[in-house]
Amino acid sequence: MMPMTTIEIAEALGAKISFDKEVVSVCTDTRKIEKGCVFVALKGANFDGHSFVKQAIENGAVCAITEFQIGNAPCIVVENTRKALLDLAKYYRSKFSPVLVGVTGSVGKTTSKEMIALALSAKYKTLKNEGNLNNEIGVPITLFGLDDSYGAAVIEMGMNHFGEINRLSSTAKPTVSVITNIGYSHIENLGSQEGILKAKMEILNGMSIDSPIILNADDEMLSTVALERKIITYGIENPSADVRAVNIRGELTSSFDILYDGKEYPVSLSCYGIHNVYNAAAAFAVGVSCGIEPEVIAEKLGEYETGGMRQNVKSINGQTVIVDCYNASPASMKAALNVLSQMKPKKQGRRVAVLADMLELGEMSKKLHESVGEFVVKMNIDKLICYGKDAKYIASKADELGLHSGCTSDKLMLIEYLRKTLQEDDIVLFKGSRGMKLEEIIEELYK
């Protein structure tokens, strides 16, 4: 972050103060206080940052942004600290003129963000959200990382309710945006896929009319979008897509060509699945819209690597383990199962799916979990094991269709069953929503 003064910050927030000190960073967590930072006292469901202002000052913060004066502490008092964080990030972002890509969608936005950042890095020093910092706290914190050395930034925007993408986009001011797809994530709060589309389209609210939006032409909802602005499309099935992946080949669909402007550009990914072909096509579309040569983008995408809890493939105890427990929706479940179905076990090994609940599906949860169970059978998975309250619907549907399956909500029981059941040479997929904490089961199982 480039330094600001407390007077400058106060003016940006419509507040008045009498002290003027240099601020070198913005912090919302007292465990990460840096000397010279401003501490923003946020309120959460289980905490109130105002209780930690004194501690923040003692640990090196030069002042705090608060909703009321805290004793003799140097405070910039505002009406709402959460709004102030967004307002300050919006002001700070206005100091710079990078290519700024906003990314949202029901599935694939994090991997798309990573691939887009990789593509842009061929031409620009590129900033991006780290991990899952894609909400009304994470996005501002990411934007405070901008300085004059960055030519580009890729900002993933997540949401649970209407209005959130609007606030994030109005803060980040994208110069180009991507919507990966419209699925069922958060349908509990948004009511329908039409509601999800409306919420995602809020990303336009922070964009100028001459800023393009990039849409998945194969998505049923997005393919119908008509706007009075430039739309760039990408896809696989839709022949009218501006950027299209063709000649998809290889056991795990990691090699293909991008058809763009009448020419084909070969891409070879080190990750699995048709969903990653879509992510790469989105990154290619962003790259060419930002003036990067197509062949340069195609070559750069070959450097992409997965990691962490997102479709990370490991070899443990003679088994191939696919760790994909960062999040889950019906679309991402089916994408992961498609990958598993294409992998060939050694010798007597089996394709085993360990599937946990998909959260925030509301009244549609039973139906959507059942659709995953039906898909498991369609993909010829050898063994299905389910974990959680609603995952029982995956198991019951698969069982109904002839694949004997079981489900438990008992973590220890699941671990013990897996220890007895899994065999050498098995390929094991672990997939579930982040809140199910499958990584804890994996850690205990393979320790």
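View 1. Ile-322 stands opposite Leu-429, a residue of strand β21. This is a predicted model, in which local features need pLDDT of at least 70 and side-chain atom pairs count only at pLDDT 80 or more, while totals for chains, interfaces and linings use all residues. Residues are numbered from 1 along each chain as its sequence is written, and side-chain values use heavy atoms, with hydrogens and water left out. Strand β17 (residues 319-324) runs parallel to strand β21 (residues 427-431), and five bridges join the two. Strands here are DSSP runs of E with at least two residues, helices are runs of H or I with at least four residues, and both are numbered from the N terminus. Two strands pair if DSSP finds at least two bridges between them.

View 2. Contact means heavy atoms within 4.5 Å.

**View 3. Nine strands make another open sheet.** This one goes β8-β9-β7-β10-β11-β12-β13-β14-β15, again with mixed pairing. Strands β8 and β15 stand at the edges with a single partner strand each, so one side of each has no neighbour in the sheet. Neighbouring strands are turned by 20 degrees against each other on average, direction ignored. Look for β11 (residues 213-216) and β12 (residues 231-235), which pair in the parallel sense over four bridges. Asn-216 has Tyr-234 of β12 as its bridge partner. Helix α4 (residues 109-120) packs on the sheet, touching β7 (99-104), β8, β9 (152-156) and β10 (176-179). Between the directions of α4 and β9 the angle is about 175 degrees.

**View 4. Asn-129 is tucked into a loop.** The loop that holds Asn-129 runs between β8 (126-128) and α5 (138-143). Asn-129 is buried, with a relative accessible area of 0%. Buried means under 20% relative accessible area, exposed means over 50%, and partly exposed is in between (1.4 Å probe, protein chains only). A polar atom of the Asn-129 side chain lies 2.7 Å from the backbone oxygen of Leu-133. Setting aside neighbours within four places in sequence, Asn-129 is in contact with several residues, among them Lys-113, Glu-114, Val-154 and Glu-156.

**View 5. Tyr-92 and Phe-96 meet ring to ring.** Rings of Phe, Tyr and Trp (its six-membered ring) pair if their centres lie within 6.5 Å; planes under 30 degrees apart count as stacked, over 60 as edge-to-face and the rest as tilted. By this rule there are five aromatic pairs. In one of them, the ring centres of Tyr-92 and Phe-96 are 5.1 Å apart with planes at 65 degrees, so the pair is edge-to-face. Both Tyr-92 and Phe-96 are buried. Ring pairs link Tyr-92, Phe-96 and Phe-144 into a cluster. Tyr-92 sits in helix α3 (residues 81-93). Not counting residues up to four places away in sequence, Tyr-92 also touches others, including Met-1, Met-2 and Leu-146.

**View 6. Tyr-265 and Phe-284 join a strand to a helix.** Here the ring centres are 6.0 Å apart and the planes are at 40 degrees, so the pair is tilted. Tyr-265 belongs to strand β15 (residues 263-268) and Phe-284 to helix α9 (residues 274-289), so the pair ties together parts that are 19 residues apart in sequence. Both Tyr-265 and Phe-284 are buried.

**View 7. Two lysines lie over aromatic rings.** Lys-125 lies over the face of Tyr-150, 4.5 Å from the ring centre. Lys-198 has its charged end over the ring of Phe-162, at 5.8 Å from its centre. A charge sits over a ring if NZ of Lys or CZ of Arg is within 6 Å of the ring centre and within 35 degrees of the ring normal.

Notes: A polar contact is a pair of N or O atoms within 3.5 Å; within protein, one must be able to donate a hydrogen and the other to accept it, and residues adjacent in sequence count only if both atoms are side-chain atoms. Axes are lines fitted to C-alpha atoms, for helices over the stretch in contact, and angles run from 0 to 180 degrees between N-to-C directions.
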